[in-house]
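Trainee: I would like to learn how to read a sheet and the helices around it. Could we work through one case together?

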Amino acid sequence: AIMNTLETIFTRKSVRQFKNQKVDEKDIKTILKAGMSGPTCVNSKDWSFIVVDDPEVLHKMYQANGVPAKPLLECAFAILICGDYSKAFKFSKDYFAVDGSIAGQNMILAAWSLGIGSVWLGTWPQMDRVFAQSKLFDLPNDQIPHSIIAFGYPLDEIKEKEEYYCIRCQYTGNEADVLEKNEVIRIRYGAMMKRFTFEVQEGNQ
């Protein structure tokens, strides 16, 4: 069953071990569609996506990124997100990094709502990884490897997260509602901006 939006966001966890089970092409297309549905700077759609399910190529991607990319050896498929400099906002092309991140998170959440786990494998801005992935796929200069997401059905049952609220924010109004430990705490203070920081022991991986 497909989860609702908030359930998907609150229960998502990084998955690094996967079952030996293929993901249906229809679900892969749904995940890609979710990635392309996110906002981009001036609606530039300055990304491109490479879908890989060939184990040999996944192994080469792992070698290019190093040990942290080990989930690529077990996943059903991976998506390499690239920034498309040819479409990026001409006055500040590095917005591609923000737009690629939004696309990636959309795909991660869409996958989770379908029961498919994933883990984000950072590439940009570690340039050795960027150049290695670019060389592996023989990318043109205007396609910048941004990140890799490994997808697949979780090997183990995902344990429910302990509930928590982590808040690091600034308020400029006269009062604010802050969620902490499932209670709403009313905080009253003057117009001067104050900073509230609540440390958290457990959190998203």
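Mentor: We will go from the whole chain to the sheet and then to the helices. Keep in mind that this is a predicted model.

Trainee: Which secondary structure elements does the chain contain?

Mentor: The chain has five helices and eight strands. Along the sequence they come in the pattern α-α-β-α-β-α-β-α-β-β-β-β-β.

Trainee: How do the strands of a sheet pair?

Mentor: Strands in a sheet pair through backbone hydrogen bonds, in a parallel or an antiparallel way. Here, four strands make an open sheet, ordered β1-β2-β4-β3, with antiparallel pairing. β1 (47-52) and β3 (117-122) are at the edges with a single partner strand each, so one side of each has no neighbour in the sheet. From one strand to the next, the twist averages 25 degrees.

Trainee: How many bridges join β2 and β4?

Mentor: Eight bridges join β2 (residues 77-84) to β4 (residues 143-152), in the antiparallel sense. To see strands facing each other, find Ile79, which stands opposite Ile149 in β4.

Trainee: Which strands does helix α4 lie across?

Mentor: Helix α4 (residues 96-113) lies across β1, β2, β3 and β4, and runs at about 10 degrees to β4. Helix α5 (residues 127-136) also packs on the sheet, where it touches β3 and β4. The direction of α5 makes about 85 degrees with that of β4.

Trainee: What share of the residues counts as buried?

Mentor: Buried here means under 20% relative accessible area. Of the chain's 205 residues, 40% count as buried. The accessible surface of the chain is about 12,600 Å², and 52% of that belongs to carbon and sulfur atoms.

How values were computed. Residues numbered from 1 in each chain as written. Predicted model: local features only at pLDDT ≥ 70, side-chain atom pairs only at ≥ 80, totals over all residues. Heavy atoms only, no water. Pairing = 2+ DSSP bridges. Helix = DSSP H or I, 4+ residues; strand = E, 2+ residues; numbered from the N terminus. Axes fitted to C-alpha atoms, helices over the stretch in contact; angles between N-to-C directions. Contact = heavy atoms within 4.5 Å. Buried < 20%, exposed > 50% of the residue type's maximum accessible area, 1.4 Å probe, protein only. Areas by Shrake-Rupley, 256 points an atom, 1.4 Å probe, with all protein chains shown as cover.
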